[in-house]
Amino acid sequence: MLRYLLILLLLCAATGAPLLLSADDRPSAEKQWTVREAVQHALTHNPDIGAALERIRAADHDIERVRAVLYPRLGVSAEYHRTDNPMYSFGNILNQGVFNETINFNNPGTTDNLRAKATVQYQLYNGGHDLAAIQAADERSKMSRYDHQAVRNRLEYEVVRAFYTIAQSEDTVKIMRSAVEAIQASLQVGRARFEEGSLLHEEVLNLEVQQARTQELYIRAEHGLKLAKHAFLSLLGLPEKTVSIDATTESGPEVPTQRHTHNRPELAGIAALVKAQEAHIRQARAAFLPTADAFGSVQTDKGTELEKGSGNSWVAGVRLHYTLYEGRQVEASVARAEAQWRAVKEQQRKMELDCNLEMEQAALALRQEEERLKVTGARVAAATESARLARLRFQEGTLLTAELIDTENRLTDARLSHDQATAARKTAIADLRRAIGLRQFDQER
């Protein structure tokens with residue numbers, strides 16, 4: 001045993017091959033996505049979700065920026081200058097505390113000054129302008145969060161729809177492959193009968209034409225499957241070229257029991273926008289009222305030209321301002337804000353109508369697909385039995401080629417219709433959940 005182990009080690013050393021494969025080196029089967037896993041992955045990797053989150057962060061920073069007006073303004077400054085201007089020079093002499101009776105007021109000479117100053121300012125009242133701005137920013141932040149929820153709900157629906165589109169496309173490929181095999185088998189029977197002299201050459205040509213047509217539909221079905229997979233990967237934010245899904249493990253989203261749009265984030269978002277516009281109106285009307293500010297400062301002055309004097313001083317006070325006339329600028333600003341508010345209210349009313357319409361359309365679509373699924377199921381059963389009997393009669397020579405082709409076409413159409421109805425019902429459930437503002441899976445709410 002030891003000898004065999006040594007031989008194995010020598011072979012690995014000679015070839016450079018690893019003795020054991022790591023977890024990353026071991027071959028693994030291609031991942032099969034369930035619909036729930038696909039939705040979860042899209043919620044963390046789709047760029048639309050990332051953009052919506054960044055808009056939320058931007059809105060939060062807007063709140064911080066607007067709330068900054070509630071705090072005092074603090075500042076420091078320093079400057080140095082030289083001058084022989086009588087007024088400025090005399091001011092420097094007074095600030096530095098070096099005045100004496102020998103100084104000529106009209107020509108105090110050249111002076112310099114190094115000044116350091118600290119200021120504070122606080123707005124006491126501005127007619128509610130800042131409070132209205134803060135409320136508007138808060139509402140817009142809420143609106144950005146509702147926008148994120150709307151994007152999330154839409155993305156979940158698109159992922160579910162893309163998932164079941166792949167499932168339907170795969171079934172379509174299988175149906176068309178089965179149709180190709182069936183017509184090929186009938187063609188072989190037809191050629192055998194032609195060799196026996198019991199079938200006209202024209203009938204064989206008809207079967208060959210039908211075979212070509214079925215193969216063309218099969219190629220189209222494969223192309224549609226590839227496109228569906230590319231769309232699915234794009235929604236998941238994946239660069240891969242291939243994808244595999246598992247549509248049998250999970251049943252997908254459940255049929256919702258409620259029938260109202262109270263949970264639609266779009267409606268909550270437009271309601272927040274209405275409140276933001278109301279705050280903008282109050283913000284514009286604040287210009288009719290006076291403003292009051294408190295201010296203060298301390299400074300020190302130091303010079304080198306005259307006895308190297310220095311002096312300290314401070315200022316404090318309250319400032320009141322009221323605009324008597326500004327050419328009706330404020331009235332225009334208020335009228336503009338009110339017009340914008342009325343426009344948003346109309347948008348809100350339109351969105352409510354649109355959401356109710358979407359809900360009704362989604363509910364009717366689901367009801368239609370459920371009824372269609374029952375009908376197509378019975379149609380497939382009947383067409384399958386009809387095709388089985390037709391093939392037997394064709395083999396026995398008691399059925400014309402045209403009748404066989406019609407029977408095969410009816411079977412293919414019935415199977416495709418049933419497959420489409422199955423996928424359409426699942427997609428209709430997802431659309432109804434989106435239309436009433438629900439997540440695709442209740443446990444993720």
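Biologist: Why is Arg264 called buried?

Modeller: The relative accessible area of Arg264 is 4%, and buried means under 20%, exposed over 50% and partly exposed in between, with a 1.4 Å probe and protein chains only. Arg264 is therefore buried. Glu266, with 25%, is partly exposed.

Biologist: What is the origin of the model, and how are its residues counted?

Modeller: This is a predicted model, in which local features need pLDDT of at least 70 and side-chain atom pairs count only at pLDDT 80 or more, while totals for chains, interfaces and linings use all residues. Residues are numbered from 1 along each chain as its sequence is written, and side-chain values use heavy atoms, with hydrogens and water left out.

Biologist: What makes the contact of Arg264 and Glu266 a salt bridge?

Modeller: The term requires a side-chain nitrogen of Lys or Arg within 4 Å of a carboxyl oxygen of Asp or Glu. For Arg264 and Glu266 the N to O distance is 2.9 Å, so the pair meets the criterion. In general, side chains of opposite charge can pair when their charged atoms come close.

Biologist: Which residues belong to the network that includes Arg264?

Modeller: Salt bridges link Arg264, Glu266, Glu358, Asp431 and Arg434 in a network. Glu358 and Arg434 are bridged at 3.2 Å, N to O. That pair joins distant parts of the chain, 76 residues apart: Glu358 belongs to helix H8 (residues 329-396) and Arg434 to helix H9 (residues 401-435). Helices (H or I, at least four residues) and strands (E, at least two) are DSSP runs, numbered from the N terminus.

Biologist: How many salt bridges does the whole structure hold, and what is known of Glu139 and Lys142?

Modeller: The search of the whole structure finds 23 salt bridges. Glu139 and Lys142 form a salt bridge at 3.6 Å, N to O. Both residues lie in helix H5 (residues 129-196), three residues apart, which is about one turn of the helix. An α-helix has 3.6 residues a turn, so residues three or four places apart point the same way. Glu139 is buried at 7%, whereas Lys142 is partly exposed at 42%.

Biologist: Why are H5 and H9 called roughly antiparallel?

Modeller: Their axes come within 9 Å and cross at roughly 170 degrees. Axes are lines fitted to C-alpha atoms, for helices over the stretch in contact, and angles run from 0 to 180 degrees between N-to-C directions. Angles under 35 degrees count as roughly parallel, over 145 as roughly antiparallel, 65 to 115 as roughly perpendicular and the rest as oblique. H5 and H9 are therefore roughly antiparallel to each other. By class, the contact of H5 with H9 has 11 nonpolar, eight polar and nine charged residues; Ala, Val, Leu, Ile, Met, Phe, Trp, Tyr, Cys and Pro count as nonpolar, Asp, Glu, Lys and Arg as charged, and the others, Gly among them, as polar.

Biologist: How do you know that the length of helix H6 agrees with expectation?

Modeller: The expected span is 1.5 Å times one less than the number of residues. For the 36 residues of H6 (residues 201-236) the span should be 52 Å, and the end C-alpha atoms are 53 Å apart, which agrees. Just after H6, Gly237 takes a positive phi of about 70 degrees.

Biologist: What does the side chain of Ser144 reach?

Modeller: Ser144, found in helix H5, reaches the backbone oxygen of Ser141 with its side chain at 2.6 Å. Ser144 is buried, given a relative accessible area of 9%.

Note on methods:
A polar contact is a pair of N or O atoms within 3.5 Å; within protein, one must be able to donate a hydrogen and the other to accept it, and residues adjacent in sequence count only if both atoms are side-chain atoms.
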